[in-house]
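Good morning, and thank you for joining. Please take a moment with the sequence and the model before I turn to one helix and then to the charged pairs.

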Amino acid sequence: KFMNHYVGIDLHSNNSYLAIINETGEVKFKQKLPNDAEIILKALNVFRKSFIVGVVVESTFNWYWLVDALQEAKYKVHLANPSEMEQYNGLKHTDDKSDAIWLAEMLRLNILPTGYIYPREERALRDLLRKRMLLVRHRTSLLLSLKGTIHNWTGNGTSRSEIKKICNEEFPSIFDNKHTALSANSLNNVIDSFNNEIEEIEKTVFQKMASVPQHKQLLSVDGIGSVLAATIVLETGDISRFADVGNFSSYCRCVKSEKFSNERKKGSGNKKNGNRYLAWAFIEAAYYMKRYNQKAKAWFDKKSSRRGTIVAMKALSNKIARACYFIMRDQVPFNPVKLFG
């Protein structure tokens, strides 16, 4: 008679500890292995006939390759959420072996907190858009450095929009020192390079997004343009994975992280739980919506007069996130009346 088996993999940067237990919790295999998909799959194949219920991989910075290889091999893969996992209380010593066994044990006991495994193809596009954000951040720092150089050596304050119009040939006339002109010229060359890469990424992402109905509907939201709409769609993934709008809003970090007992506050939860890219996207959307939508501006002004600007901005971002949940779920255009009355 073959027994069910449960696999836990404690993944590290250069190795993985593999543990396999049976349905009674008995450890049947434990070994440290190199981060090589072929070697790990070969170790699992020994137990293939006895039916492996599932394989648990802890969500670390480098889980893509392992989860993809396991899924391609037709294993049922679970991505463990480390922020919600609890080890046995009272343990004096833990190591990779105990961690891997505990991952498998939580799966066996059906108490494993899991994360969402984003589909491989969509994940690549999502990560490409994340790289755009990284490049934009670096480009901004270079623009500020060039702005500071001009201000420092000439005494003239220059806006970023004006700096973007300056050609390299103009720097010798702006600075009377050739070394300073070369410094500014170098910064400008790198900025141009960033511009080209960002433009290429946007072109690729927007081509893919053109056929996505949720992206089209999000563009109807005041304050949400192509970049924000693509970010929201790609970072959200399958909207049906959220049980309700409250779960989505929490995932977007748009709600407070607080713990109450007997109507008294007992501290705060993990404020970093959720998606920081969605948190950024909805704050950006709130900033632009209050500029271009009069109802949103009136609501924001009333809220900020009572609770302050920061609270009002967070509250507006939460309202937008909740609206976007229904827009993506039902594939309907934005209706400001439903949001502000």
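Let me begin at the end of a helix: α9 is followed by Gly-237, whose phi is positive, near 70°. Helices here are DSSP runs of H or I with at least four residues, strands are runs of E with at least two, and both are numbered from the N terminus.

A word on the source. This is a predicted model, in which local features need pLDDT of at least 70 and side-chain atom pairs count only at pLDDT 80 or more, while totals for chains, interfaces and linings use all residues. Residues are numbered from 1 along each chain as its sequence is written, and side-chain values use heavy atoms, with hydrogens and water left out.

Now to helix α9 itself, which spans residues 226-236. How many of its eleven residues are buried? Ten of them are, so the helix is mostly covered, where buried means under 20% relative accessible area, exposed means over 50%, and partly exposed lies in between, with a 1.4 Å probe and protein chains only. The buried positions include Val-227, Leu-228, Ile-232, Val-233 and Leu-234. Glu-235 and Thr-236 are also among the buried residues of α9.

What do these buried residues pack against? Their partners are α4 (120-154), α7 (178-209), α8 (213-218), α10 (245-251), α11 (276-292) and α13 (309-330), contact being heavy atoms within 4.5 Å.

I turn next to charge pairing. The structure holds eleven salt bridges, each defined as a side-chain nitrogen of Lys or Arg within 4 Å of a carboxyl oxygen of Asp or Glu.

Consider Glu-105 and Arg-108, whose side chains meet in a salt bridge at 2.6 Å, N to O. Both lie in helix α3 (residues 96-108), and because they are three residues apart, about one helical turn separates them. Glu-105 is buried, at 9% relative accessibility, whereas Arg-108 is partly exposed, at 24%.

In a second pair, Asp-127 bridges to Arg-126, with the closest N and O atoms 3.2 Å apart.
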